[in-house]
Amino acid sequence: MESTRPTGESMDEDAIDQMLRIAPGVPMAVVTRDRGVLLNANQPRAELLGLPMACVIGRSIAECHVLPDQQPSFLQQIEAADDRSPASELQLKRADGTHVWVSLSVRPISYRGAPALIAVCHDITARKDLERQLAEVEERFARHTSELASNELRIKQRAAEAANRAKSSFLANMSHELRSPLNSILGFSEMIRDLHFGSDRYEKYVQYGGFIHQAGTHLLALIDDILDLAKVESGKLKLNKTAFNLAELLDECAQMV
(Lines give C-alpha, C1' and ligand atoms only; values in the text may rest on other atoms or scores of the structure.)
Protein backbone atom coordinates (compact mmCIF):
# COMPACT_ATOMS: atom_id res chain seq x y z
CA MET A 1 0.00 0.00 0.00
CA GLU A 2 1.37 3.42 -0.91
CA SER A 3 2.03 5.73 2.08
CA THR A 4 -0.13 8.83 2.38
CA ARG A 5 2.38 10.63 4.64
CA PRO A 6 3.59 13.90 3.12
CA THR A 7 7.07 13.74 1.60
CA GLY A 8 7.92 17.29 2.70
CA GLU A 9 9.22 20.40 1.02
CA SER A 10 10.65 20.03 -2.46
CA MET A 11 14.21 21.32 -2.24
CA ASP A 12 17.12 20.22 -4.41
CA GLU A 13 20.20 18.80 -2.78
CA ASP A 14 22.37 21.81 -3.58
CA ALA A 15 19.92 24.19 -1.86
CA ILE A 16 19.83 22.06 1.27
CA ASP A 17 23.62 21.73 1.36
CA GLN A 18 23.94 25.51 0.91
CA MET A 19 21.52 26.11 3.80
CA LEU A 20 23.58 23.83 6.03
CA ARG A 21 26.74 25.77 5.20
CA ILE A 22 25.38 29.25 5.84
CA ALA A 23 23.32 28.52 9.01
CA PRO A 24 25.05 30.82 11.56
CA GLY A 25 25.81 28.77 14.65
CA VAL A 26 22.59 26.73 14.53
CA PRO A 27 23.16 22.94 14.65
CA MET A 28 21.33 21.48 11.64
CA ALA A 29 21.32 18.07 9.98
CA VAL A 30 19.50 15.99 7.39
CA VAL A 31 18.43 12.60 8.74
CA THR A 32 16.53 9.62 7.45
CA ARG A 33 13.17 8.61 8.82
CA ASP A 34 14.64 5.19 9.45
CA ARG A 35 16.71 5.19 12.68
CA GLY A 36 17.67 8.86 12.21
CA VAL A 37 20.84 8.24 10.17
CA LEU A 38 22.66 11.51 9.38
CA LEU A 39 22.87 12.14 5.65
CA ASN A 40 24.41 15.60 6.02
CA ALA A 41 25.11 18.10 8.81
CA ASN A 42 26.73 21.44 9.43
CA GLN A 43 29.77 22.17 11.58
CA PRO A 44 27.78 23.39 14.64
CA ARG A 45 25.93 20.06 14.67
CA ALA A 46 29.22 18.16 14.66
CA GLU A 47 30.55 20.39 17.46
CA LEU A 48 27.36 19.79 19.45
CA LEU A 49 28.09 16.06 19.40
CA GLY A 50 31.82 16.61 20.03
CA LEU A 51 32.88 14.81 16.85
CA PRO A 52 34.65 15.75 13.62
CA MET A 53 32.31 16.20 10.67
CA ALA A 54 33.61 13.03 9.00
CA CYS A 55 32.57 10.99 12.04
CA VAL A 56 29.04 12.40 12.08
CA ILE A 57 27.82 11.51 8.62
CA GLY A 58 26.37 8.03 8.17
CA ARG A 59 25.74 7.37 11.86
CA SER A 60 22.39 6.92 13.56
CA ILE A 61 21.66 9.67 16.06
CA ALA A 62 19.25 7.36 17.88
CA GLU A 63 21.77 4.58 18.36
CA CYS A 64 24.89 6.68 19.02
CA HIS A 65 23.80 9.84 20.79
CA VAL A 66 20.21 9.65 22.07
CA LEU A 67 20.04 8.31 25.64
CA PRO A 68 18.52 4.79 25.78
CA ASP A 69 15.41 5.76 27.73
CA GLN A 70 14.58 8.48 25.17
CA GLN A 71 15.27 6.48 22.00
CA PRO A 72 11.69 5.15 21.56
CA SER A 73 10.13 8.62 21.72
CA PHE A 74 12.80 10.04 19.38
CA LEU A 75 12.28 7.32 16.79
CA GLN A 76 8.52 7.79 17.03
CA GLN A 77 8.95 11.52 16.49
CA ILE A 78 11.02 11.20 13.33
CA GLU A 79 8.74 8.47 12.00
CA ALA A 80 5.58 10.56 12.45
CA ALA A 81 7.05 14.02 11.77
CA ASP A 82 5.13 16.42 9.55
CA ASP A 83 4.94 20.18 9.07
CA ARG A 84 2.85 20.57 12.24
CA SER A 85 5.09 18.56 14.56
CA PRO A 86 6.02 20.54 17.71
CA ALA A 87 9.55 20.80 19.00
CA SER A 88 10.62 18.18 21.52
CA GLU A 89 13.28 18.09 24.21
CA LEU A 90 15.75 15.27 24.55
CA GLN A 91 19.16 14.54 25.97
CA LEU A 92 22.07 13.68 23.69
CA LYS A 93 25.30 11.97 24.65
CA ARG A 94 28.44 13.66 23.35
CA ALA A 95 31.54 11.82 22.23
CA ASP A 96 33.28 12.56 25.56
CA GLY A 97 30.40 10.99 27.52
CA THR A 98 28.88 14.25 28.74
CA HIS A 99 25.20 14.99 28.16
CA VAL A 100 23.57 17.95 26.50
CA TRP A 101 19.89 18.92 26.43
CA VAL A 102 18.50 20.11 23.09
CA SER A 103 15.22 21.37 21.73
CA LEU A 104 14.72 19.47 18.49
CA SER A 105 12.51 20.57 15.59
CA VAL A 106 12.14 18.31 12.56
CA ARG A 107 10.44 18.98 9.22
CA PRO A 108 9.96 16.56 6.32
CA ILE A 109 11.85 17.23 3.11
CA SER A 110 12.89 15.32 0.02
CA TYR A 111 16.64 14.70 -0.13
CA ARG A 112 18.54 12.77 -2.78
CA GLY A 113 15.25 11.63 -4.19
CA ALA A 114 13.99 10.07 -0.96
CA PRO A 115 11.91 11.22 2.04
CA ALA A 116 14.08 12.69 4.78
CA LEU A 117 13.95 15.18 7.63
CA ILE A 118 15.79 18.38 8.32
CA ALA A 119 16.50 18.63 12.06
CA VAL A 120 17.30 21.88 13.86
CA CYS A 121 18.71 21.79 17.41
CA HIS A 122 18.96 24.45 20.07
CA ASP A 123 21.16 23.83 23.10
CA ILE A 124 18.95 24.22 26.21
CA THR A 125 21.36 22.66 28.72
CA ALA A 126 21.70 25.89 30.71
CA ARG A 127 17.93 26.25 30.94
CA LYS A 128 17.53 22.60 32.01
CA ASP A 129 20.24 23.02 34.64
CA LEU A 130 18.43 26.08 35.98
CA GLU A 131 15.12 24.17 36.03
CA ARG A 132 16.82 21.33 37.91
CA GLN A 133 18.33 23.74 40.44
CA LEU A 134 14.96 25.45 40.92
CA ALA A 135 13.29 22.07 41.40
CA GLU A 136 15.91 21.14 44.01
CA VAL A 137 15.40 24.47 45.80
CA GLU A 138 11.62 23.97 45.76
CA GLU A 139 12.04 20.43 47.09
CA ARG A 140 14.33 21.61 49.89
CA PHE A 141 11.97 24.48 50.68
CA ALA A 142 8.98 22.12 50.78
CA ARG A 143 10.91 19.70 53.01
CA HIS A 144 12.06 22.54 55.27
CA THR A 145 8.51 23.93 55.44
CA SER A 146 7.20 20.47 56.31
CA GLU A 147 9.81 20.10 59.05
CA LEU A 148 8.96 23.53 60.43
CA ALA A 149 5.26 22.70 60.44
CA SER A 150 5.99 19.39 62.17
CA ASN A 151 8.21 21.09 64.77
CA GLU A 152 5.60 23.79 65.32
CA LEU A 153 2.95 21.12 65.82
CA ARG A 154 5.15 19.31 68.35
CA ILE A 155 5.84 22.58 70.20
CA LYS A 156 2.13 23.40 70.33
CA GLN A 157 1.35 19.87 71.51
CA ARG A 158 3.96 20.06 74.27
CA ALA A 159 2.73 23.52 75.27
CA ALA A 160 -0.83 22.21 75.45
CA GLU A 161 0.29 19.26 77.56
CA ALA A 162 2.27 21.56 79.87
CA ALA A 163 -0.71 23.90 80.17
CA ASN A 164 -2.97 20.98 80.99
CA ARG A 165 -0.57 19.73 83.67
CA ALA A 166 -0.30 23.24 85.10
CA LYS A 167 -4.09 23.56 85.18
CA SER A 168 -4.47 20.22 86.94
CA SER A 169 -1.78 21.13 89.45
CA PHE A 170 -3.34 24.54 90.04
CA LEU A 171 -6.81 23.09 90.60
CA ALA A 172 -5.45 20.49 93.01
CA ASN A 173 -3.50 23.05 95.04
CA MET A 174 -6.30 25.62 94.97
CA SER A 175 -8.82 23.03 96.10
CA HIS A 176 -6.64 22.36 99.16
CA GLU A 177 -6.09 26.07 99.82
CA LEU A 178 -9.84 26.80 99.67
CA ARG A 179 -10.81 23.86 101.84
CA SER A 180 -8.50 24.91 104.72
CA PRO A 181 -10.23 28.23 105.60
CA LEU A 182 -13.66 26.76 104.80
CA ASN A 183 -13.05 23.93 107.27
CA SER A 184 -12.06 26.50 109.92
CA ILE A 185 -15.18 28.58 109.27
CA LEU A 186 -17.47 25.55 109.39
CA GLY A 187 -15.77 23.96 112.40
CA PHE A 188 -15.63 27.05 114.65
CA SER A 189 -19.11 28.22 113.63
CA GLU A 190 -20.55 24.81 114.55
CA MET A 191 -18.84 24.94 117.98
CA ILE A 192 -20.35 28.40 118.61
CA ARG A 193 -23.76 27.35 117.32
CA ASP A 194 -23.85 24.25 119.51
CA LEU A 195 -22.40 26.07 122.57
CA HIS A 196 -19.74 23.38 122.73
CA PHE A 197 -18.14 24.83 125.91
CA GLY A 198 -21.44 25.76 127.55
CA SER A 199 -23.35 29.04 127.62
CA ASP A 200 -21.01 30.81 130.04
CA ARG A 201 -17.77 30.58 127.99
CA TYR A 202 -18.35 33.93 126.30
CA GLU A 203 -14.63 34.70 125.85
CA LYS A 204 -14.04 31.35 124.12
CA TYR A 205 -16.76 32.00 121.58
CA VAL A 206 -15.41 35.49 120.98
CA GLN A 207 -12.00 33.92 120.24
CA TYR A 208 -13.60 31.43 117.84
CA GLY A 209 -15.47 34.27 116.18
CA GLY A 210 -12.09 35.89 115.58
CA PHE A 211 -10.83 32.64 114.02
CA ILE A 212 -13.86 32.56 111.73
CA HIS A 213 -13.25 36.14 110.67
CA GLN A 214 -9.58 35.38 110.05
CA ALA A 215 -10.42 32.30 107.96
CA GLY A 216 -13.02 34.28 106.00
CA THR A 217 -10.50 37.03 105.33
CA HIS A 218 -7.99 34.42 104.19
CA LEU A 219 -10.59 32.83 101.90
CA LEU A 220 -11.40 36.21 100.38
CA ALA A 221 -7.70 36.81 99.76
CA LEU A 222 -7.44 33.47 97.97
CA ILE A 223 -10.37 34.37 95.75
CA ASP A 224 -8.72 37.72 95.00
CA ASP A 225 -5.53 35.83 94.06
CA ILE A 226 -7.50 33.67 91.63
CA LEU A 227 -8.98 36.78 90.02
CA ASP A 228 -5.49 38.27 89.82
CA LEU A 229 -4.47 35.36 87.57
CA ALA A 230 -6.79 36.70 84.89
CA LYS A 231 -5.08 40.08 85.19
CA VAL A 232 -1.66 38.40 84.88
CA GLU A 233 -2.69 36.64 81.65
CA SER A 234 -3.99 39.91 80.17
CA GLY A 235 -0.93 41.86 81.35
CA LYS A 236 -2.97 44.25 83.51
CA LEU A 237 -1.75 43.26 86.98
CA LYS A 238 0.13 45.98 88.80
CA LEU A 239 2.41 45.17 91.75
CA ASN A 240 2.21 47.45 94.78
CA LYS A 241 5.00 47.34 97.35
CA THR A 242 3.76 47.53 100.96
CA ALA A 243 5.39 47.10 104.34
CA PHE A 244 4.17 44.33 106.68
CA ASN A 245 5.02 42.82 110.04
CA LEU A 246 6.70 39.46 109.48
CA ALA A 247 6.06 38.25 113.05
CA GLU A 248 2.33 38.92 112.74
CA LEU A 249 2.22 37.12 109.40
CA LEU A 250 3.96 34.07 110.90
CA ASP A 251 1.52 34.10 113.86
CA GLU A 252 -1.42 34.11 111.43
CA CYS A 253 0.08 31.17 109.56
CA ALA A 254 0.63 29.25 112.77
CA GLN A 255 -2.94 29.88 113.91
CA MET A 256 -4.29 28.77 110.53
CA VAL A 257 -2.31 25.54 110.71
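Helix 7 buries Tyr205, Tyr208, Gln214, Ala215, Leu219 and Leu222, where buried means under 20% relative accessible area, exposed over 50% and partly exposed in between (1.4 Å probe, protein chains only). The structure is a predicted model, in which local features need pLDDT of at least 70 and side-chain atom pairs count only at pLDDT 80 or more, while totals for chains, interfaces and linings use all residues. Residues are numbered from 1 along each chain as its sequence is written, and side-chain values use heavy atoms, with hydrogens and water left out. Helices (H or I, at least four residues) and strands (E, at least two) are DSSP runs, numbered from the N terminus.

**Helix 7**

- Helix 7 covers residues 202-234, 33 residues in total, and spans 49 Å from its first C-alpha to its last.
- This span is close to the 48 Å expected at 1.5 Å a residue, the expected span being 1.5 Å times one less than the number of residues.
- The cover over the buried residues of helix 7 includes helix 6 (125-193) and helix 8 (246-256).

- Ala41 belongs to strand 3 (residues 38-41) and is buried, at a relative accessible area of 6%.
- Beyond its neighbours within four places in sequence, Ala41 is in contact (heavy atoms within 4.5 Å) with Leu20, Met28, Ala29, Met53, Val56 and Ile57.
- Val56 is 15 residues from Ala41 in sequence, and their C-alpha atoms are 7.7 Å apart in space.

**Salt bridges**

- The whole structure contains eight salt bridges, each defined as a side-chain nitrogen of Lys or Arg within 4 Å of a carboxyl oxygen of Asp or Glu.
- One of them pairs Arg127 with Glu89, with the closest N and O atoms 2.3 Å apart.
- That pair links distant parts of the chain, with Arg127 in helix 6 and Glu89 in strand 4 (residues 88-93), 38 residues apart.
- Arg127 is partly exposed at 37% relative accessibility, and Glu89 is partly exposed with a relative accessible area of 37%.
- Lys128 also forms a salt bridge with Glu89, the closest N and O atoms lying 2.8 Å apart.
- Here too the pair links distant parts of the chain, Lys128 in helix 6 and Glu89 in strand 4, 39 residues apart.
- Lys128 counts as buried, at 17% relative accessibility.
- Within helix 6, Arg143 and Glu139 lie four residues apart, about one turn of the helix, and their side chains meet in a salt bridge (3.8 Å, N to O).
- Arg143 is partly exposed, at 41% relative accessible area.
- Through shared partners, salt bridges join Glu89, Arg127, Lys128 and Glu131 into one network.
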